[in-house]
Amino acid sequence: MQAQTITQFGSPSVFETADIPVPQVLPNHVLIRVAATSVNPVDCKIRQGAVADIAPDLPAVLHGDVAGVVEEVGEGVTAFQPGDEVYACAGGVKGLGGALTEYMLADMNLVARKPKSLTMAEAAALPLVSITAWEGLIDRAKVQPGQSVLVYGATGGVGHIGVQLAKWVGATVYALVSDEEKAAIARKLGADFTINYRSQPVEEFVAEHTDGQGFDVVFDTVGNDNLQNAFKAAKLNGTVVSLVSLSQQDLTLLHAKGLTVHLVYMLIPLLYGMGRVRHGEILTQLAQLVYEGKVRPLLDSKIFHFSEVTQAHQRAESGQAIGKVVLQR
């Protein structure tokens, strides 16, 4: 089968087309005929060599997100059969083949039936970012109706799902954006209020929107040094959920405010083989929310072909994309 592979780490230009064997179907696995995938920041970091400890062995097939059709099922699989349309985040990391190919082998526990109302490209945009947002807001922060939730990067991959999940739960959602175009998108996604972080510092919008008390939950999709802003924005005994903390931080505010901090790393089930059933459950629940019109993916303006993976990674890293960068066969 044909695949887009890398034989070395580096810029987006390292991708090359290669012929590789079709994976042998294993017990409790499904073989997916790949229709679409999407670019996530971790895919770019793996390609760059920035997270070599979780990278697959070279030559490698990258990308975890997949949407496609079940081609074959392994022994022990009863929930799926050939012909089922499915989606998942199931590989592209150490020990697991990725989706930039014709057929992808996936642990059945990571897989769910694709939302029927979505195209393959739309479905492929959802798995990693949706599982991340769900783990952060629903499983960890346990957002409740009536709570105030501040979302950093509200039109980004994880952020745009976070806005919709918080709204679905019944929270009042405050979306942080960088311009009016993104503010309009955030409002369409369900945000009750939009805040331009470039024109309004954290102390100012906390005073305006919460009378200086802070937000119940701060969903920080930016992370690292932005954690300090998240700590400032949270109320006393509030909750901060972050996706990235590869940095040293002063925890003074964390202590002074009695904050709870959750760090979400959704790749743990893929890397360590634990908790995979939960990922399939989340994607099954998400498909129902999509059917009900409560969640929808935000795709960037251009959809790429698999042969254009270099351009897709360039687009994802340009900072110009709004929503997910998607590739389809």
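**Terms and their grounds**

Q: What makes C44 count as buried in this predicted model?
A: C44 has a relative accessibility of 6%. Buried means under 20%, so C44 counts as buried.

Q: How do you know that C89 is buried or exposed?
A: The relative accessibility of C89 is 1%. The limit for buried is under 20%, and C89 therefore counts as buried.

Q: How many disulfides does the rule give?
A: The count comes to zero. C44 is in no disulfide, its nearest cysteine sulfur being that of C89, 14 Å away.

Q: What makes strand 1 and strand 4 a pair?
A: Two strands pair if there are at least two bridges between them. Two bridges join strand 1 (residues 2-6) to strand 4, so the two strands meet the condition; they run antiparallel. In strand 4, A60 is the bridge partner of I6.

Q: Why do strand 2 and strand 4 stand at the edges?
A: The open sheet has three strands in the order 2-1-4, with antiparallel pairing. Strand 2 (15-19) and strand 4 (60-61) each have a single partner strand, so one side of each is left without a neighbour in the sheet.

Q: Which residues line the largest cavity, and why is the space called a cavity?
A: A cavity is a set of points where a 1.4 Å probe fits but cannot get out. The search of the whole structure finds one cavity of 30 Å³ or more, and about 40 Å³ of space lies in the largest cavity. Its lining consists of N40, V42, D43, G64, D65, C89, G91, G92, V93, L128 and L267. By class, five of these are nonpolar, four polar and two charged.

Q: What is the volume of the largest pocket, and what lines the pocket?
A: The volume is about 1400 Å³. Among the 47 lining residues, P41, K45, V158, T221 and V244 are the closest to the centre. Helix 1 (41-48) is one of the elements that give two or more residues to this lining, and helix 1 provides the largest share, five residues. The lining divides into 26 nonpolar, 15 polar and six charged residues.

Methods
Residues are numbered from 1 along each chain as its sequence is written. This is a predicted model: local features need pLDDT of at least 70, side-chain atom pairs count only at pLDDT 80 or more; totals for chains, interfaces and linings use all residues. Side-chain values use heavy atoms; hydrogens and water are left out. Helices (H or I, at least four residues) and strands (E, at least two) are DSSP runs, numbered from the N terminus. A disulfide is a pair of cysteine sulfur atoms within 2.5 Å. Buried means under 20% relative accessible area, exposed over 50%, partly exposed in between (1.4 Å probe, protein chains only). On a 1 Å grid over the protein atoms alone, a cavity is a set of points where a 1.4 Å probe fits but cannot get out, and a pocket is an open set with protein on both sides within 12 Å along at least five of seven lines; lining residues have an atom within 4 Å of a point. Grid points are joined across faces, edges and corners, and a volume is the space filled by probe spheres set on the points. Ala, Val, Leu, Ile, Met, Phe, Trp, Tyr, Cys and Pro count as nonpolar, Asp, Glu, Lys and Arg as charged, and the others, Gly among them, as polar.
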